[in-house]
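Take a look at the model below. This report goes through its fold, its size and its charged pairs.

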Amino acid sequence: MIRQLAHVCFFTDQLEAMVAFYRDALGFPVKFTLHTDGGELMGYYFDTGNTTFIEVFDQRLAVKQWGGQVQPLTPGSQYKHFCLEVTGISQVKAMLEGRGVAVSDVTLGMDHSLQAWIADPDGNAIELMEYTHTSLQLRQPAP
């Protein structure tokens, strides 16, 4: 079952300014950060309430971690995908495939959540995510 919007994702070339905006100006607390396999801080998850988040990644480090190409970022081009929180990701995958939607394999993400990917007719990426008992999104903040 699709529950709700889980997060929106942005790539940036100015991570510090984005952190200052979302954390300091808008007041969204940092739920957790993600690092490359080499230990470099590459992304922030901002808690917007009710297990819904804004994630922001340094474009160069995200490409280094996951592949792809570094591209010039212009206003409006930083949006990467939105994510739908689901329960029973295998059943959702089967349901969507039964409706003719191409769905990627289910994998475990860096955040310890299960994920699969689809695209809308315009090619916009949509992540499907099922939280697990070890998902970083569900961890209590450190005191």
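## Helices and strands

Helices here are DSSP runs of H or I with at least four residues, and they are numbered from the N terminus. Strands are runs of E with at least two residues. Keep in mind that this is a predicted model.

The protein chain has three helices and eight strands. Along the sequence, they follow the pattern β-α-β-β-β-α-β-α-β-β-β. Helix 3 covers residues 89-98. Helix 2 covers residues 59-66.

## Size and packing

How does the radius of gyration of the protein chain agree with that of a compact globule? A compact globule with 143 residues would have a radius of gyration near 15 Å. The protein chain has 15 Å, so the two agree. Its C-alpha atoms fill a box of roughly 45 × 40 × 30 Å along the principal axes.

Of the 143 residues, 39% count as buried. Now take the contacts between residues at least 6 apart in sequence. Of these, 54% join residues at least 24 apart. The accessible surface of the protein chain is about 8100 Å². Carbon and sulfur atoms account for 55% of that surface.

The structure holds four salt bridges. One of them joins the side chains of Lys93 and Glu97, at 2.7 Å from N to O. Both residues lie in helix 3. They are four residues apart, which is about one turn of the helix.

Are the two partners buried or exposed? Lys93 has a relative accessible area of 16%, so Lys93 is buried. Glu97 has 38% relative accessibility, so Glu97 counts as partly exposed.

## A salt bridge across the sequence

Lys64 and Glu40 also meet through their side chains in a salt bridge, at 2.6 Å from N to O. Lys64 lies in helix 2, while Glu40 sits in the loop between strand 2 (30-35) and strand 3 (41-49). The pair therefore ties together parts that are 24 residues apart in sequence.

Lys64 is exposed, with a relative accessible area of 57%. Glu40 is partly exposed, at 31% relative accessibility.

## Arg23 and the charges overall

Arg23 forms a salt bridge with Asp24. Their closest N and O atoms are 2.7 Å apart. Arg23 has a relative accessible area of 36%, so Arg23 is partly exposed.

What of the charges of the protein chain? There are 9 positive and 16 negative charges. Their mean positions are 2 Å apart.

Terms used. Residues numbered from 1 in each chain as written. Predicted model: local features only at pLDDT ≥ 70, side-chain atom pairs only at ≥ 80, totals over all residues. Heavy atoms only, no water. Buried < 20%, exposed > 50% of the residue type's maximum accessible area, 1.4 Å probe, protein only. Rg over C-alpha atoms; globule rule 2.2 N^0.38 Å. Contact = heavy atoms within 4.5 Å. Areas by Shrake-Rupley, 256 points an atom, 1.4 Å probe, with all protein chains shown as cover. Lys, Arg positive; Asp, Glu negative; His and termini not counted. Charge placed at Lys NZ, Arg CZ, Asp CG, Glu CD.
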